[in-house]
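Please read them with the sequence and the structure open beside you.

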Amino acid sequence: AALRRHGIRLGPEYARTCTVGQLGCACSHLDVWRRASETRRACVVLEDDAVVCEDFPRRVEALLAEAGTAWDWIYLFYHPDCKRDLPIPGKTLVQRGFETWGTVAYALSHAGATALLAAATDTTHDAPIDHLVMRLAREGTIRTLCATRMLVTTAGQLNPLAPAAALGSNVWGTPTLLDLAANTSD
């Protein structure tokens with residue numbers, strides 16, 4: 001029902017392999033994108049396992065001031081294996097965007113939310129929601145930036161600062177749709 005409400009279509013392979021957590025995560029992000037689009041406001045999005053840095057509000061405010069208005073999505077978290085240095089002359093808090101897994105924390109503009117919603121309902125999904133974001137950035141549909149230093153880490157499976165303290169994943173550690181359907185038909 002949630003997928004239909006969001007106008008989401010799954011490709012056949014992804015429908016067999018996606019987890020309930022991946023779909024719940026996608027629906028949660030789509031809800032935020034819809035609200036940002038409808039209210040015509042930018043927002044900061046944090047997933048439930050986000051761990052923010054000290055003085056987070058002040059740092060985000062400074063980052064957004066430096067970024068100006070030429071962005072749709074700013075990664076406040078990025079997967080440590082994806083880290084790249086892509087400086088923008090005259091900027092110290094933001095850099096050009098790079099592809100990274102995860103939607104743990106980001107700033108989203110009204111225009112970015114509107115573009116993401118349009119794309120999300122106009123495609124067949126074959127991968128988790130962060131792949132859609134990466135594709136749109138690669139195509140130039142959304143303009144991405146990355147914080148030069150992560151402002152957020154995660155208490156989940158990707159915490160580079162405390163790998164032994166990682167929580168179990170509520171995205172990857174859930175049953176697939178097929179498993180769920182098989183268990184409910186008994």
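1. I begin with Arg 16, which at a relative accessible area of 42% is partly exposed, where buried means under 20% relative accessible area, exposed over 50% and partly exposed in between, with a 1.4 Å probe and protein chains only. Its partner is Glu 13, and the two form a salt bridge in which the closest N and O atoms are 2.8 Å apart; the term stands for a side-chain nitrogen of Lys or Arg within 4 Å of a carboxyl oxygen of Asp or Glu. Glu 13 is likewise partly exposed, at 47%. Both residues sit in helix H2 (residues 12-17), three residues apart, and they are therefore separated by about one helical turn. Helices (H or I, at least four residues) and strands (E, at least two) are DSSP runs numbered from the N terminus.

2. Before going further, please keep in mind that this is a predicted model, in which local features need pLDDT of at least 70 and side-chain atom pairs count only at pLDDT 80 or more, while totals for chains, interfaces and linings use all residues. Residues are numbered from 1 along each chain as its sequence is written, and side-chain values use heavy atoms, with hydrogens and water left out.

3. By the salt-bridge rule the count comes to seven, and one of them joins Asp 72 to Arg 143, with the closest N and O atoms 3.1 Å apart. Asp 72 lies in the loop between helix H4 (56-67) and strand S4 (73-75), and Arg 143 in the loop between H6 and strand S8 (144-147), so the pair ties together parts that are 71 residues apart in sequence.

4. Another salt bridge brings together the side chains of Lys 83 and Asp 85, at 2.8 Å from N to O. Here Lys 83 is partly exposed, with 33% relative accessibility, and Asp 85 is exposed, with 63%.

5. Ser 109 belongs to the loop between strand S6 (105-108) and helix H5 (110-120), and its relative accessible area of 9% makes it buried.

6. How do helices H3 and H6 pack against each other? The axes of H3 (residues 20-39) and H6 (residues 129-139) are 9 Å apart and form an angle of about 50°, the axes being lines fitted to C-alpha atoms over the stretch in contact, with angles running from 0 to 180 degrees between N-to-C directions. The two helices are therefore oblique to each other, given that angles under 35 degrees count as roughly parallel, over 145 as roughly antiparallel, 65 to 115 as roughly perpendicular and the rest as oblique. Ala 26, His 29 and Trp 33 of H3 meet Ile 129, Leu 132 and Val 133 of H6 in this contact.

7. In the largest nonpolar core, which has 26 residues, those touching the most other members are Trp 33, Trp 73, Leu 108, Leu 116, Leu 132 and Val 133; such a core is a set of buried Ala, Val, Leu, Ile, Met, Phe, Trp, Tyr and Cys residues joined through side-chain atoms within 4.5 Å. At least two residues of this core come from each of H3, S4, S6, H5 and H6. A second, separate core of 17 residues has Phe 56, Ala 67, Val 104 and Ala 105 among its members. In soluble globular proteins, nonpolar side chains tend to be buried together.

8. Arg 40, in the loop between H3 and strand S2 (43-46), has a positive phi near 60° and is exposed at 62% relative accessibility. Asp 55, in the loop between strand S3 (50-52) and H4, also has a positive phi, of about 60°, and is partly exposed at 38%.

Key. Contact means heavy atoms within 4.5 Å.
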